[in-house]
Amino acid sequence: MHSSVITFPGSNCDRDMDVALKKFGFKNKMIWHDDVELPKSDLVVLPGGFSYGDYLRCGSMASKSKIMKSVLNFAQGGGKVMGVCNGFQILVESGLLPGVLLRNKYLEFICKNVFVKANNKDNSYFKDDKKDVYKFHIAHNEGNYFCSNEQIKEINDNNQIALFYSDENGNVNEQSNPNGSLQNIAGIFNKQKNVIGMMPHPERMIDPALSGEDGSIFFENLINNLK
Amino acid sequence: MIVNEQLAIDHGLKKDEYKKICDLLKRVPNITELGIFSAMWNEHCSYKSSRLHLKNLPTKGKNVIQGPGENAGIIDIGDDDAIVFKIESHNHPSFIEPYQGAATGVGGIMRDVFTMGARPIANLNSIHFGSPQHKKTKNLLRGVVHGIGGYGNCMGVPTIAGQTSFDESYNGNILVNAMTLGLVKKDKIFYSKAAGLGKPVIYVGSKTGRDGIHGASMASASFDDKIEEKKPTVQVGDPFTEKLLLEACLELMAGDSIIAIQDMGAAGLTSSSIEMASKGNLGIEINLNKVPCRETNMTPYEIMLSESQERMLIVLENGKEEMAKKIFDKWNLDFAVIGQTTKSKKIELYFNKEKVADIPVNILVENSPMYDRKWKKAKLPKRIKVEKELFKTLKVKNVLNKILSNPNVCSKEWIWQQYDHTVMGDTIQKPGGDAGVVRVHGTNKAVAASVDSSAVYCWAHPLSGGKQIVCESWRNLISVGAKPIAITNCLNFGSPENQENMGEFVECVQGLGEASAYLQFPVVSGNVSFYNQTKDIGIKPTPAIGGVGLIKDYQNMVTMDLKEADNVLLVIGKTEGHLDQSLFARDILNEKNGPPPEINLFNEKNNGETILKLIDKKYIKSAHDVSLGGIITALSKMCIKGKKGATIKKPNYLINQFEYLFGEDQGRYIIEISKIDLESATKILQENSVHFDELGSVNDDSLIIDAKTKVSIDDLIKSHTNWLTNYMEN
């Protein structure tokens, strides 16, 4: 399986994502934002970080990078695109995913472990996954998902919510919402479910010595689904 | 502008210093030159009051690659890997403008580390605020935490540990000390020593603006009522540009075109160019018209003294300019050849084709003032006597609740949750433990780091306090299973012109030197911050020690959370019930006098080394050093982290229960050992003549003290975690 991780100026989880993808068997390439062509890929990943310093709006300037044209074409042709954290912000700014990511409700950066519940397993990202509730890690200042009433209706009608913030047992409630996200949304798909954006960082949970191993489950399953 | 004595005084120079400048130059300096002298000869850059004493610190050791004098210290961690690290203060700017002050403090220290070729792998910080009741404290704390997070998070470097304290002596002068560790291959270390003649001098990074002019001079003065006017001297940080600068520099460093590189920190272009020339024993000429400027009509004076952030000065091999420029173009950063190295041994500046400065480098550096300031030796205070009746009125449970929720003991999660502590995917011990631990990427090794200070002990008796912090740093590293290697220090004191404050400095340095020599825990880098005071009153002396240690196999790392019921708890080191200057004495008895606990360096070393032997044998399930708040505070934290309880009993000693539980005798640890290993472990302790007491055992539900006092784990957690969040959110 071939993957590509895009490095934007200010990306800082690009190496972590590279390490994770390779650990679970992807042949990964790092792609510079100023390149025009994407190499042949089964998965394209927009990593976390502070592309363009989060200036203007998070993800806004990166969404206009040269490489993004190829990423858009790739996604529109059904290619798998995953955006994590700042990558999620870039995906909403590029229009591949609906909605926006606002500042966290309490106006503070949050770095901690959270539980997220997979909502829809009928897609390449979560199909056949052993788990329903994952312990993932979040680290963001702008993860408060928001969209219009019409958009949220459409999102729900099309079963586009990928992950909810939940408690350990999968209960989705206000106490388990770390950032004020609409309906506890931690990640969403596009209509076709080939594009996913999520705030949590599965790549930080791939080793028992780190915060946990639920990221390993996610990546192992993902590569199997893409095969 | 006419330069005269008054103008020199306005620049923070003393009368005799101005006279010395005129004598050395054999003429009156022009305004640009005066600015350069004032920047190089202020306390912050010249260490004029501290140099005499700092040279007594032990700085060598078998693992030391680079000691003080460079951008940062460097230690060998085996397999051609080295760790570059340093701590630095940004106190005055943070008090004036907390967000930018703290942010640029973090940015500055990271630059010091990557200037040497190292990729930053961990940040730490030591921050100290006034009384929680003081009207400024809450906003300063919020601003500083946002600033540290804002910069470090954007850079993608994890903040893995820190220390926060509150004390009224910081009401008018907070402390913000930032520390960075970087990883470098031994053969890819870069230094600031220029070499060769006619080599291009390159400016890279952000453009130069008018921010931070005379920042270093501001940091060398005391605060008065006019501090608001000093806001323009605070630098403005742009972590995004620094991230680009980091990547661009490391990309250039991968080749072999760099002769010398130096970041523009305090005193900007002035100190960076002069340091490179001085170390290389040559001259540098610069055409100031070539310096990329953000604002129009900047004068030579402003260009030389600007402290705009995210800039570097590089001496390159001839003919490598185009190749280097391509790298900086790729990262969208300015790149300009602004001058060259010369044989003149002078710093020569040109602007609009005129020579605007012409100063021999040695005058600025070697001839800079050095003072043997008068200082007063501190007396060891008399022991306090506590009336027995007083203890009878106290209940252990209430005292413990009060101590655990004390601002200086309580959980700082509200703070560190705002710092990205897991980016880079190698953080194996997060903030909240004894030390932060990161793996050396792609290896089995890990590096542990901790930052500590004990202002109260240093204030009560500087010599003992100085020793104590080095020992505490050592213990924190031992507690996670790391072999302590070296330290960096940030020496925060009041005015060196005040004999008592100067005495505190001299004796603290003496104490920390003694301890670091004995423990073979040398000082490899550091920074002095004087004039931490408002009007005439200095802060409590607050040397902060950043310790770094190595764990050869990260699987052997130890944490403080209690692991399993029925395991045995031992206290390593002797408990004598020293209450003077303890948190108990100050917070519960309201007794502020008395000497700090004594330090026995032999026991410190022996206890620590023996614990490492036990860790090596995998006998230790959890460990925590005993410090502020004594045995019961340490044990409570172990219970909270592990969500386990413990049943403990005071041995039959001649001290009372409070002295036993809350005394702050030094050199102690609590360790958890499973019953099967107990015999083998105690044998090792006995063989090494280590004193230990059986404290009790682990249980599943509550902390039970002497069969009389029972506190549930939930209550411990509540006492420990609520204070800071409630304080900040109400």
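This is a predicted model: local features need pLDDT of at least 70, side-chain atom pairs count only at pLDDT 80 or more; totals for chains, interfaces and linings use all residues.
Biologist: Why does B:Asp80 count as exposed?

Modeller: B:Asp80 has 11 C-beta neighbours inside 10 Å. Residues are numbered from 1 along each chain as its sequence is written, and chains are lettered from A and ligands numbered from 1 in the order in which they are written.

Biologist: Where is B:Asp80 placed?

Modeller: B:Asp80 is in the loop between strand S2 (73–76) and strand S3 (81–89) of chain B. Helices (H or I, at least four residues) and strands (E, at least two) are DSSP runs, numbered from the N terminus. B:Asp80 is not a glycine, yet its phi is positive, about 65 degrees.

Biologist: Why does B:Glu310 count as buried?

Modeller: B:Glu310 has 26 C-beta neighbours inside 10 Å, so it counts as buried. B:Glu310 also lies in a loop, between helix H12 (300–305) and strand S10 (311–316) of chain B. Its phi is positive too, near 60 degrees, in a residue other than glycine.

Biologist: What makes chain A as compact as a globular protein of its length?

Modeller: Chain A has 5 helices and 11 strands. Its radius of gyration is 16 Å, close to the 17 Å that the globule rule gives for 227 residues, so chain A is as compact as a globular protein of that length. The radius is taken over C-alpha atoms, and the rule is 2.2 Å times the number of residues to the power 0.38. Buried residues make up 56% of the 227 residues in chain A.

Biologist: How many residues of chain A are in contact with chain B?

Modeller: 23 residues of chain A are in contact with 22 residues of chain B. Contact is counted when the C-beta atoms of two residues, placed from the backbone, lie within 7 Å. On the side of chain A that touches chain B, the largest share, 3 residues, comes from S6(A).

Biologist: Which residues have the most contacts inside the largest nonpolar core?

Modeller: They are B:Val447 and B:Ile670, in a core of 288 residues. Such a core is a set of buried Ala, Val, Leu, Ile, Met, Phe, Trp, Tyr and Cys residues joined through C-beta atoms within 7 Å.

Conventions. A residue is buried if 20 or more other C-beta atoms lie within 10 Å of its own, exposed if 12 or fewer, and partly exposed in between; C-beta atoms are placed from the backbone.
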